[in-house]
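Hi,

Here is the structure I promised to pass on.

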Amino acid sequence: CRGCSGGSTPSTAPPRLLPAAQVGPRPALTQEELEGVTTASTFVLDQPRCVFDDYGNAVIWLVVALEKDASTFNNSAGPGTPETAFQSFPEPVRAYMTLNATLGSYPCPKPAGDITVLRVGSETSCAKDESRPTCNGPLPGPGPYRVKFLALEGSVPVAETAWSAPITLRAAKSPGSIPTAGSGHSAGMIAITTILSILLAILLAGLVAMLVFCGSDSCGSSTFSKQEAVSVRRYNTHHVYDQPAARL
């Protein structure tokens, strides 16, 4: 129309998010002397102490992905949404977000003597509860997995660590691979058992033969003759009475 400006209309596209700052070190399995650092469904990480000190208002999340899918994770994916729900991991959800904590949960430096670790996969009660999409549920297989910590201020990612090295869990044994009773005995044990069985059979045969033999008159029929009594005669020594003193 006449008098209309030829300028373009304002763009309504959302502002592009800046990439999150890289902080370190990257997550790793704990070096604490603990039992079960990796199990068939869990693993233990060191807490991110002294990593996000410049982001006091942020909430720190742990992102868990299969190794092959880690590079495709989008930091703009919101925690607690169907896109990052544990209950749909690993298909169709490629990575889930869990173990959220504020910076106050990770004081720096750590108090002396404290064991500062996170066990990933330790919650079983919420594993199938879709109302808790950020459940720290048992991992579905041996992996390998990669994890990283991501700090969000509101819904904006402000800092993140690099992905961890691949973490492989212990493979659970299938019921068919568990040896049944007796199948794991060594050849030595079998030989000893055989020898003891033979000795026991010989002993029983000997006892039976003894019972049969003693059942006849030949066993225990021996007689003992009574010895005649031995009489000792008394002798007087006559020469003693011949002495005069003996008659007094």
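A word on naming before anything else: helices (H or I, at least four residues) and strands (E, at least two) are DSSP runs, numbered from the N terminus. This is a predicted model, so local features need pLDDT of at least 70 and side-chain atom pairs count only at pLDDT 80 or more, while totals for chains, interfaces and linings use all residues. Residues are numbered from 1 along each chain as its sequence is written, and side-chain values use heavy atoms, with hydrogens and water left out.

Most residues other than glycine have a negative phi, and most peptide bonds are trans. Leucine 99, in strand β4, has a positive phi of about 55 degrees although it is not a glycine. Its relative accessible area is 22%, so leucine 99 is partly exposed; the classes are buried for under 20% relative accessible area, exposed for over 50%, and partly exposed in between (1.4 Å probe, protein chains only). Cysteine 50 also has a positive phi, near 60 degrees. Cysteine 50 sits in the loop between β2 and β3 and is partly exposed, with a relative accessible area of 38%.

There are cis peptide bonds to look at too. One runs from glutamate 91 to proline 92, with omega near 10 degrees, and proline 92 is in the loop between β3 and β4. Another joins glycine 143 and proline 144, where omega is about 10 degrees; proline 144 belongs to the loop between β5 and β6.

Next, strand β7, which turns up in several places. Five of the six residues of β7 are buried. Strands count as paired if DSSP finds at least two bridges between them. β7 runs antiparallel to β6, with four bridges joining the two; leucine 152 has proline 157 as its bridge partner in β7. β6 and β7 make a hairpin with two residues between them, and glycine 154 in the turn has a positive phi of about 70 degrees. Strand β1 (residues 21–23) is parallel to β7 and joined to it by three bridges, with alanine 21 partnered by alanine 159 in β7.

Now the interior. A nonpolar core here is a set of buried Ala, Val, Leu, Ile, Met, Phe, Trp, Tyr and Cys residues joined through side-chain atoms within 4.5 Å. The largest has 30 residues, of which Phe43, Leu45, Phe52, Val64, Val120 and Leu139 touch the most other members. Two or more residues of this core come from each of β2 (43–46), β3 (59–66), β4 (95–102), β5 (117–120), β6 (145–153) and β7 (156–161). A second, separate core of 11 residues includes Phe73, Ala95, Leu150 and Leu152. What does phenylalanine 52 touch, leaving aside its neighbours within four places in sequence? Phenylalanine 52 is in contact with Val23, Ile60, Leu103, Phe149, Ala151, Ala159, Glu160 and Thr161, where contact means heavy atoms within 4.5 Å.

On to charges: the whole structure has seven salt bridges, each being a side-chain nitrogen of Lys or Arg within 4 Å of a carboxyl oxygen of Asp or Glu. Glutamate 160 and lysine 148 form one of them, with the closest N and O atoms 2.5 Å apart. Because glutamate 160 lies in strand β7 and lysine 148 in strand β6, the pair ties together parts that are 12 residues apart in sequence. Both glutamate 160 and lysine 148 are buried.

Elsewhere, Lys68, Asp69, Glu91 and Arg94 are linked in a network of salt bridges. Aspartate 69 counts as buried at 8% relative accessibility, whereas lysine 68 counts as exposed at 58%. Arginine 94 is partly exposed at 37%, and glutamate 91 is exposed at 56%.

Last, the surface. Ile192, Ile195, Leu196, Ile198, Leu199 and Ile202 form a nonpolar patch with about 600 Å² of accessible area together. Patches are made of residues with over 30% relative accessible area and no salt bridge, with like charges joined within 9 Å and nonpolar side chains (Val, Leu, Ile, Met, Phe, Trp, Tyr) within 5 Å; areas come from the Shrake-Rupley method with a 1.4 Å probe, and for residues only the protein chains shown count as cover. Isoleucine 198 is in helix α1 (residues 187–214) and counts as partly exposed at 48% relative accessibility.

Best wishes
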